[in-house]
Amino acid sequence: MCCPLEPTVRILSKLRYRAAVLVTVSGAMLSILMSGPAAAFTVFACEPEWAALTRVMLPDARVHVATHSLQDPHHIEARPALIAQLRQADLAVCTGASLEAGWLPKLLQRSGNAKVQDVLFASDHVNMIDPQPGAIGTPWAGDVHAEGNPHVHLDPRNLLLVANALAARLQVQIPTQKAAIEKRRVAFEVRWKSQLTQWQQRAIPLRGRQVAAQHTTFGYLWDWLGIKQTADLEPTTGMAPTPGHLQRLLSGLQAKPPMAVVVAGYQDSRPGKWLTGQLGSGVPLLVLPATVSEDADAEGLIRWVDNMLSSLLGVALS
Ligand SMILES: [Zn+2]
């Protein structure tokens, strides 16, 4: 007797439940539609070598690269496209040691992106060479590398150290991928160490050889290979070569000819051409790429080191 209305109540209650479920599901669908698929982790790399290491550790990452191998990384314009890229990033990976002092601070400030302010600087994770305590860098009028030589990626052993630091940072920022990143890090380490052994074996004929070079771009490469840079085409680090300085270098180089005059792909090759012209056919001009291409990954890094070694050995063994 109690419940003639009970079926009606139950029906109403079910309808309300279904309506509630429908509202909840529609809300969820709407929020999925509005937010789109999960955004890829985005990395802003100041130089292509750090972009390459990022691809090794996080192949699904969206990677923006601020510079390419034909640009001088000391002198980049803080243009709006770079600010927009940095604004979208979850992490910035750069060289540090003041290499980007002329442009990165401006980009970081103008991006207004709190996530990228704690930049991962490669130079914090390696042993620097050429320290110049007390020097003050002035990026446009001659960078003096006040904190030491920032071109740390030219020693392939450093790439391994930076890869480890990058993996550690990514694991903190993307905990759900911790195991996967560790797996890739170990695989890269095994492969890179095997490459280092092969390269070092191959490079034995380069030990003790001498080169003249423009800037200290390849300083770490010379250290790794046991090559000595006996002359710098720049009068002081970061200042463009001058006729007077080249003339002064000439007599020393004529007395003790280097195996080559080396310039980076992004540098003006005319001073080097003049010098090799004066030194005669025994001393070639060697233009080496200072870094990998913008889309490089582990293969690109290996090809790059391979090519530099082949070029140097081609001259040393000729
Ligand atoms: Zn430099």
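Select β3, helix α4 (residues 104-111) and β4 to begin: together they make a right-handed β-α-β unit. Right-handed here means that, with the strands pointing away from you, the path from the first strand over the helix to the second runs clockwise. Helices (H or I, at least four residues) and strands (E, at least two) are DSSP runs, numbered from the N terminus.

Before going further, keep in mind that this is a predicted model: local features need pLDDT of at least 70, side-chain atom pairs count only at pLDDT 80 or more, and totals for chains, interfaces and linings use all residues. Residues are numbered from 1 along each chain as its sequence is written.

Go through the pairs in turn. β1 (residues 42-45) and β2 run parallel, with four bridges between them, and threonine 42 sits opposite arginine 62 in β2. β1 and β3 are also parallel, over three bridges, with alanine 45 opposite valine 93 in β3. Two bridges then link β3 to β4, again in parallel, and the bridge partner of valine 93 in β4 is leucine 120.

Show the side chains of β3 next. In a regular strand the side chains alternate between the two faces of the sheet. Here Leu91 and Val93 point one way, Ala92 and Cys94 point the other way, and all are buried. Buried means 20 or more other C-beta atoms within 10 Å of a residue's own; 12 or fewer is exposed, anything in between is partly exposed, and C-beta atoms are placed from the backbone.

**Two loop residues**

Where is alanine 66? Look in the loop between β2 and α3 (80-88). Alanine 66 counts as buried because it has 27 C-beta neighbours inside 10 Å. Leaving out residues up to four places away in sequence, alanine 66 touches Phe44, Ala45, Cys46, Ile76 and Leu82; a contact needs C-beta atoms, placed from the backbone, within 7 Å.

Then jump to alanine 97, in the loop between β3 and α4. Alanine 97 has a positive phi of about 50° although it is not a glycine, and it is buried, with 22 other C-beta atoms within 10 Å.

**The β5 to β8 sheet**

Select β5 to β8 for another open sheet of four strands, in the order β6-β5-β7-β8 with parallel pairing. Its edge strands are β6 (228-232) and β8 (285-288), each pairing on one side only. Neighbouring strands in this sheet are turned by 35° against each other on average, direction ignored.

Zoom in on β7 (residues 260-264), which runs parallel to β8 and is joined to it by four bridges. Alanine 264 is opposite leucine 288, and valine 262 is opposite leucine 286. To get from β7 to β8, the chain passes through helix α9 (residues 270-279), and this β-α-β crossover is right-handed.

One more loop stop: histidine 215, between β5 (210-213) and α7 (219-225). Its phi is near 70°, a positive value in a residue other than glycine. Histidine 215 is buried, with 27 other C-beta atoms within 10 Å.

**The core**

Finally, select Ala45, Leu53, Met57, Val93, Ala163, Leu166 and Val262: of the 78 residues in the largest nonpolar core, these touch the most other members. Such a core is a set of buried Ala, Val, Leu, Ile, Met, Phe, Trp, Tyr and Cys residues joined through C-beta atoms within 7 Å. Domain 1 (42-200) and domain 2 (205-316) both give residues to this core, so it lies between them; the domain bounds come from an automatic or database domain assignment.

How values were computed. Two strands pair if DSSP finds at least two bridges between them. Axes are lines fitted to C-alpha atoms, for helices over the stretch in contact, and angles run from 0 to 180 degrees between N-to-C directions. Two residues are in contact if their C-beta atoms, placed from the backbone, lie within 7 Å.
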